[in-house]
Amino acid sequence: MTKPVPPGLGGTFFEQWMVQRRVIGALLMREMLTRYGRRNIGFLWLFVEPMMVTLTVAAVWTARGFHQISDIPIVSFVITGYSGIQLWRNMSRRCINAIEPNQSLLRHRPVKMLDIYLARMLLEVAGTTTSFAL
């Protein structure tokens, strides 16, 4: 007779996948609450901030006359190009100091450093993608 395996110590691939999904989901919710708060419209800042930056860059480039340099519409160029640049910049910036505020969570066996990084990156991808789609 075999002993039951504690969560995070073994098991099938599917069991491990389910544990990691729950861990990353919990870290995502924790990150959203600490970054944007529980009240008002703080959550909207997740995708409004990248949208504001992109639209500001588009307005400045249009005002500077960059739309006359090429046949490519400058607003379309900024929205498609600058959103991707902003995504990579924000993902790397958020991951720089990700471990220090979450160090106490690493005492729990299922929580790994990679999970903390993935949760922060997924939050940035969700925000920037929503901003791009809107």
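**Figure 1. Lining of the largest cavity in the predicted model.** Leu27, Arg30, Glu31, Asn102, Ile116, Ala119 and Arg120 line the largest cavity of this predicted model. A cavity is defined on a 1 Å grid over the protein atoms alone as a set of points where a 1.4 Å probe fits but cannot get out, and lining residues have an atom within 4 Å of a point. The volume of the largest cavity is about 50 Å³, where a volume is the space filled by probe spheres set on the points, with grid points joined across faces, edges and corners. The count comes to one cavity of 30 Å³ or more. Two or more lining residues are given by each of the elements α1 and α4; helices here are DSSP runs (H or I, at least four residues) numbered from the N terminus. By residue class, the lining divides into three nonpolar, one polar and three charged residues. In this scheme Ala, Val, Leu, Ile, Met, Phe, Trp, Tyr, Cys and Pro are nonpolar, Asp, Glu, Lys and Arg are charged, and the others, Gly among them, are polar.

Residues are numbered from 1 along each chain as its sequence is written, and side-chain values use heavy atoms, with hydrogens and water left out. As the model is predicted, local features need pLDDT of at least 70 and side-chain atom pairs count only at pLDDT 80 or more, whereas totals for chains, interfaces and linings use all residues.

**Figure 2. Salt bridge between Glu31 and Arg35 in helix α1.** Glu31 and Arg35 form a salt bridge in which the closest N and O atoms are 3.1 Å apart; the term requires a side-chain nitrogen of Lys or Arg within 4 Å of a carboxyl oxygen of Asp or Glu. Both residues belong to helix α1 (residues 13–36) and are four residues apart, about one turn of the helix. Glu31 is buried, with a relative accessible area of 9% (buried is under 20%, exposed over 50%, partly exposed in between, with a 1.4 Å probe and protein chains only).

Figure 3. The side chain of Glu124 meets that of Arg35 in a salt bridge of 2.6 Å, N to O. This pair links distant parts of the chain, with Glu124 in helix α4 (residues 113–133) and Arg35 in helix α1, 89 residues apart. Glu124 also forms a salt bridge with Arg94, at 3.0 Å from N to O. Here the link runs between helix α4 and helix α3 (residues 74–96), across 30 residues. Glu124 is buried at a relative accessible area of 5%, while Arg94 is partly exposed at 25%. Glu31, Arg35, Arg94, Arg120 and Glu124 are linked in a network of salt bridges, and the whole structure contains four salt bridges.

**Figure 4. Stacked aromatic pair of Trp61 and Phe77.** The count comes to one aromatic pair. Trp61 and Phe77 make up this stacked pair, 6.3 Å centre to centre with 25 degrees between the planes. Rings of Phe, Tyr and Trp (its six-membered ring) pair if their centres lie within 6.5 Å; planes under 30 degrees apart are stacked, over 60 edge-to-face and the rest tilted. Trp61 lies in helix α2 (residues 45–63) and Phe77 in helix α3, so the pair ties together parts 16 residues apart in sequence. Trp61 is partly exposed at 27% relative accessibility, as is Phe77 at 41%.

**Figure 5. Surroundings of Thr128.** Thr128 is located in helix α4 and is buried, at 6% relative accessibility. Leaving aside neighbours within four places in sequence, Thr128 is in contact with Pro50, Ser83 and Leu87, contact being heavy atoms within 4.5 Å.

Methods
1 Å grid on protein atoms, 1.4 Å probe; cavity = no way out; pocket = protein on both sides within 12 Å on 5 of 7 lines; lining within 4 Å.
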